[in-house]
Amino acid sequence: MRTSAWWSIIIILLLVISVMAWLLFTTPVPGTATGTATGTATGTATGTATGTATGGTEPLSKRVVITSPKANSTVGQLFVVAGSAPGGWYFEASFPIKVIDKNGNIIASTIGQAQGEWMTNDLVTFTATASTSVSYTGPATVVLMRDNPSGLPQNDDSVSVPIIFQ
């Protein structure tokens, strides 16, 4: 087979894969509802969220449980973020976490990592270690964000927990 024929096959395969990926991330999940989430889940949940995969309208952020740090607890420059979140909160078994100071500056970021099978509707435990290299003391907020590889705003969701750096 000629080299140009191989290149043609490779290009066609890349196009097919690209179209399939586009369909995967732009097709809505059946049985979900869209709404706005505000409330508490061992913190404050804000944002627009997709409902549970079981067809309910409750946003995923309402089901996130944060066991560490507790709201308004005092932490050092290195601390653990732990709890559990529904499987739909993760993408490839992880989700982003950021720490914001009182002025809205991001002073730390990390990744929450699932500690078990994440492709489920059930709660999955997670853990992360957050550390900041800036010497900051005072109030801050830990923000757990639903991983949203689609980038669609209706899939954004977050849970916030106020903390205090010592």
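Which backbone oxygen lies 3.0 Å from a polar atom of the side chain of Arg146? It is the backbone oxygen of Gly88, a pair that falls under the definition of a polar contact (N or O atoms within 3.5 Å; within protein, one must be able to donate a hydrogen and the other to accept it, and residues adjacent in sequence count only if both atoms are side-chain atoms). This is a predicted model, in which local features need pLDDT of at least 70 and side-chain atom pairs count only at pLDDT 80 or more, while totals for chains, interfaces and linings use all residues. Residues are numbered from 1 along each chain as its sequence is written, and side-chain values use heavy atoms, with hydrogens and water left out.

**Overall architecture**

- The protein chain comprises 1 helix and 12 strands, where helices (H or I, at least four residues) and strands (E, at least two) are DSSP runs numbered from the N terminus.
- Of the 166 residues in the protein chain, 36% are buried, buried meaning under 20% relative accessible area, exposed over 50% and partly exposed in between (1.4 Å probe, protein chains only).
- Among contacts (heavy atoms within 4.5 Å) between residues at least 6 apart in sequence, 60% join residues at least 24 apart.

**Surface**

- The protein chain exposes about 9300 Å², of which carbon and sulfur atoms supply 61%; accessible areas come from the Shrake-Rupley method with a 1.4 Å probe, and for residues only the protein chains shown count as cover.
- A nonpolar surface patch is formed by Trp7, Ile10, Ile11, Leu14 and Leu15, with about 530 Å² of accessible area together, and Leu14 lies in helix α1 (residues 3-26).
- Patches are made of residues with over 30% relative accessible area and no salt bridge, with like charges joined within 9 Å and nonpolar side chains (Val, Leu, Ile, Met, Phe, Trp, Tyr) within 5 Å.

- Arg146, in the loop between β11 (138-145) and β12 (158-165), is buried yet has no salt bridge, the nearest side chain of opposite charge being Asp157 at 5.5 Å.
- A salt bridge requires a side-chain nitrogen of Lys or Arg within 4 Å of a carboxyl oxygen of Asp or Glu; for charge, Lys and Arg count as positive and Asp and Glu as negative, whereas His and the chain ends are not counted.
- Val159, in strand β12, is buried with a relative accessible area of 0%, and its C-alpha is 8.5 Å from that of Arg146.

**Backbone in the loops**

- In the loop between β5 (65-68) and β6 (73-75) lies Pro69, and the peptide bond from Ser68 to Pro69 is cis, with omega near -5°.
- Asn72, also found in the loop between β5 and β6, has a positive phi near 65° and is exposed, with a relative accessible area of 52%.
- Ala93, in the loop between β7 (78-86) and β8 (94-101), has a positive phi near 70° but is buried, with a relative accessible area of 14%.
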